[in-house]
Amino acid sequence: VESGVTKMLDSIQSYGVRVVSLKVSCIEKESVNSLISENLCIPPSLCQSLSTTVHSKTGGFVLFAAKFFQSLREEGMIRFNLNTGNWEYNLNDIKQRKLPVDVVQHLSE
């Protein structure tokens, strides 16, 4: 099954435009932890369990991990508590959270 991106690139190439493909490999759990730690501005030790969950759910694909993490923040599943000065999330809810449809489509290809 062709993805929307593949169809778009094929269309662009049909006009004689050169398209360069880059292979992006998976990243390790530690790299996902760094990504989340930097985004939340907290020490890596404080987001290890969250990072492990994000890595597990996304297979370590950096773009999917970033998109999934972003969707968690946008949906309020990760939120900053102004009263305590801490980031809050329910890890069990995040583990149960389904991946965005476009991420699932790419992971299944």
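## A walk through the chain

The chain's secondary structure comprises 6 helices and 2 strands, where helices (H or I, at least four residues) and strands (E, at least two) are DSSP runs numbered from the N terminus. Along the sequence, these follow the pattern α-α-α-α-β-β-α-α.

A quick word on the ground rules: this is a predicted model, in which local features need pLDDT of at least 70, side-chain atom pairs count only at pLDDT 80 or more, and totals for chains, interfaces and linings use all residues. Residues are numbered from 1 along each chain as its sequence is written, and side-chain values use heavy atoms, with hydrogens and water left out.

Now to the chain as a whole. Of its 109 residues, 28% are buried, meaning under 20% relative accessible area with a 1.4 Å probe, protein chains only.

Let's look at one helix pair. The axes of helix 2 (residues 29–40) and helix 3 (residues 48–58) come within 8 Å and cross at roughly 120 degrees; axes are lines fitted to C-alpha atoms over the stretch in contact, and angles run from 0 to 180 degrees between N-to-C directions. Helix 2 is therefore oblique to helix 3, the class left after under 35 degrees (roughly parallel), over 145 (roughly antiparallel) and 65 to 115 (roughly perpendicular).

Which residues of helix 2 and helix 3 make the contact? Helix 2 brings Lys-29, Val-32, Asn-33, Ile-36 and Leu-40, while helix 3 brings Gln-48, Leu-50, Ser-51, Thr-52, Val-54 and His-55, contact being heavy atoms within 4.5 Å.

Key
Buried < 20%, exposed > 50% of the residue type's maximum accessible area, 1.4 Å probe, protein only.
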